[in-house]
Amino acid sequence: MTPEPSKVPPATGLLPAKLAPVSAMQDNMAKAKPYEWKIVWTKVFVFIYLHYAITRAAYLFLTGQIYPHFYTTWLWVALINALTVFGVTAGSHRLWSHRAYKAKWQLRTLLMLCQTLSFQNHIYDWVRDHRVHHKFTDTDADPHNSKRGFFFAHMGWLLIRKHPEVGIKGATIDFSDLERDPIVMFQKKYYLILVPVVAFAIPTLVPTLLWGESIYFGWYVTTITRYVLALHATWLVNSAAHIYGTRPIDKSLSPTENAFVAYITFGEGWHNYHHVFPWDYKAAELGNYKLERFAAAVTQRPVRVTLTAWMTLRLSNLLPVVMSLALTGIMGLQFKGSYKDAVFEWRRRNLTEAEMKELDKAFRRAHQGNSTPT
């Protein structure tokens with residue numbers, strides 16, 4: 001018996017029901033006008049001010065107006081800059097975007113606050129753009145498609161409306177894991193309250209209240225300079241690490257190995273490797289810990305640091321040691337000497353032991369010249 005026309009369900013082809021709206025969006029796009037740039041002038045003026053402010057900070061520095069508190073203030077700038085970078089690299093990138101390791105709620109809370117300090121959108125938005133970038137690298141669906149030029153991949157993509165393909169293809173990616181994480185959703189809900197306090201008030205007021213730094217310099221240097229430098233460091237991963245460098249792992253991919261980017265981002269510059277093995281928490285070749293601050297911190301054994309050793313550590317190595325001590329002692333997390341062991345209870349995507357051994361062999365073949373971890 002033929003059903004009545006009014007009761008015939010709408011045809012959706014072979015698409016699952018939840019993807020039917022995506023198909024409708026694609027049909028509408030086919031009928032839409034060709035993509036045209038739409039400049040977001042509010043962001044243009046914001047970025048103009050930010051770069052004026054960092055120029056102003058350079059003037060204050062060069063004219064010696066911060067001499068009385070020079071070392072204390074710059075140590076504070078270095079510390080919060082390192083926290084900012086860790087919030088992005090260890091947090092929104094390796095933990096939430098790629099699920100490269102597992103973390104208890106204490107560590108997730110710490111990383112959420114550090115990511116808030118970066119003021120690069122809340123975790124949910126950051127992860128959304130990054131997962132779309134990985135799945136549709138250097139296509140119109142990639143938010144920062146490097147084929148559109150260095151400036152676009154670096155910061156231009158933030159100054160114009162996204163290509164419609166970003167939204168269409170992004171709707172096919174699953175974000176349910178983020179929606180189940182109460183810390184991610186808490187940050188998303190209260191982001192407009194958290195950002196002014198964490199990203200701007202604290203960096204500015206701490207030096208003012210604790211050691212008498214002028215609030216003028218606190219704003220221009222400890223807040224704006226730190227923020228702009230962290231932005232450009234992150235953006236270089238999208239631009240320079242997709243254009244300049246070598247491709248020893250997979251020559252068919254545009255991402256590159258860029259040592260300079262790795263240095264300023266605590267290890268995010270080994271991008272050719274990362275796009276081949278995005279689930280690896282170390283995001284770098286085996287044995288290469290020189291520019292990989294996050295992995296160096298979490299793969300070392302629990303350590304005790306004497307005051308003399310503490311004072312002689314280079315500043316670039318200080319924060320990973322502090323994080324290792326804090327996470328081991330305060331948060332009850334165990335670090336092992338071998339990368340095969342659990343890092344924050346890390347496991348490689350539920351792989352079998354045989355599959356893990358095959359991956360290990362692939363890692364070693366990729367860079368046979370490197371020393372292997374103990």
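Guide: What follows is a quick tour by question and answer.

Visitor: What kind of model is this?
Guide: This is a predicted model.

Visitor: OK. How many helices and strands in the secondary structure?
Guide: The protein has 18 helices and zero strands.

Visitor: And how much of the protein is buried?
Guide: Buried residues account for 47% of the 374 residues. The accessible surface is about 19600 Å². Carbon and sulfur atoms hold 64% of that surface.

Visitor: What about contacts between residues at least 6 apart in sequence?
Guide: Of those contacts, 67% join residues at least 24 apart.

Visitor: Which residues does the "transmembrane region" annotation cover?
Guide: The UniProt record, an unreviewed entry, puts that annotation on residues 39-62, 74-96, 190-211, 217-237 and 318-335.

Visitor: What does the chain look like over residues 190-211?
Guide: That span is 95% helix and 0% strand. Its end C-alpha atoms are 31 Å apart. Residues 217-237 are 100% helix and 0% strand, with end C-alpha atoms 29 Å apart.

Visitor: Switching to the inside. Which residues touch the most other members in the largest nonpolar core?
Guide: Trp96, Tyr101, Leu111 and Leu178 do, in a core of 26 residues. Helix 3 (70-97), helix 4, helix 5 and helix 9 (182-189) each supply at least two residues of this core. Helix 3 gives the most, with six residues. Another core lies apart from it and has 22 residues, including Ala53 and Phe217.

Visitor: Now Arg131. Where is its place?
Guide: Arg131 sits in helix 5.

Visitor: Buried or exposed?
Guide: Arg131 counts as buried because its relative accessible area is 13%, and the cut-off for buried is under 20%.

Visitor: What does Arg131 touch?
Guide: Leaving out residues up to four places away in sequence, Arg131 touches Trp96, Ser97, Arg99, Ile173, Asp174, Phe175, Asp177 and Leu178. Two of those names, Trp96 and Leu178, came up with the largest nonpolar core. The side chain of Arg131 also reaches the backbone oxygen of Ser97 at 3.0 Å.

Visitor: How far is Arg131 from Gly170?
Guide: They are 39 residues apart in sequence. In space they are 8.2 Å apart, C-alpha to C-alpha.

Visitor: Last one, His122. Which loop is that in?
Guide: His122 lies in the loop between helix 4 (105-118) and helix 5 (123-135).

Visitor: Why is His122 called buried?
Guide: Because its relative accessible area is 11%, and buried means under 20%. Not counting residues up to four places away in sequence, His122 touches Gln115, Gln187, Lys188 and Tyr191.

Conventions: Residues are numbered from 1 along each chain as its sequence is written. This is a predicted model: local features need pLDDT of at least 70, side-chain atom pairs count only at pLDDT 80 or more; totals for chains, interfaces and linings use all residues. Side-chain values use heavy atoms; hydrogens and water are left out. Helices (H or I, at least four residues) and strands (E, at least two) are DSSP runs, numbered from the N terminus. Buried means under 20% relative accessible area, exposed over 50%, partly exposed in between (1.4 Å probe, protein chains only). Contact means heavy atoms within 4.5 Å. Accessible areas come from the Shrake-Rupley method with a 1.4 Å probe; for residues, only the protein chains shown count as cover. A polar contact is a pair of N or O atoms within 3.5 Å; within protein, one must be able to donate a hydrogen and the other to accept it, and residues adjacent in sequence count only if both atoms are side-chain atoms. UniProt positions are given in the numbering used here, feature names are shortened, and annotations may be inferred rather than shown by experiment. A nonpolar core is a set of buried Ala, Val, Leu, Ile, Met, Phe, Trp, Tyr and Cys residues joined through side-chain atoms within 4.5 Å.
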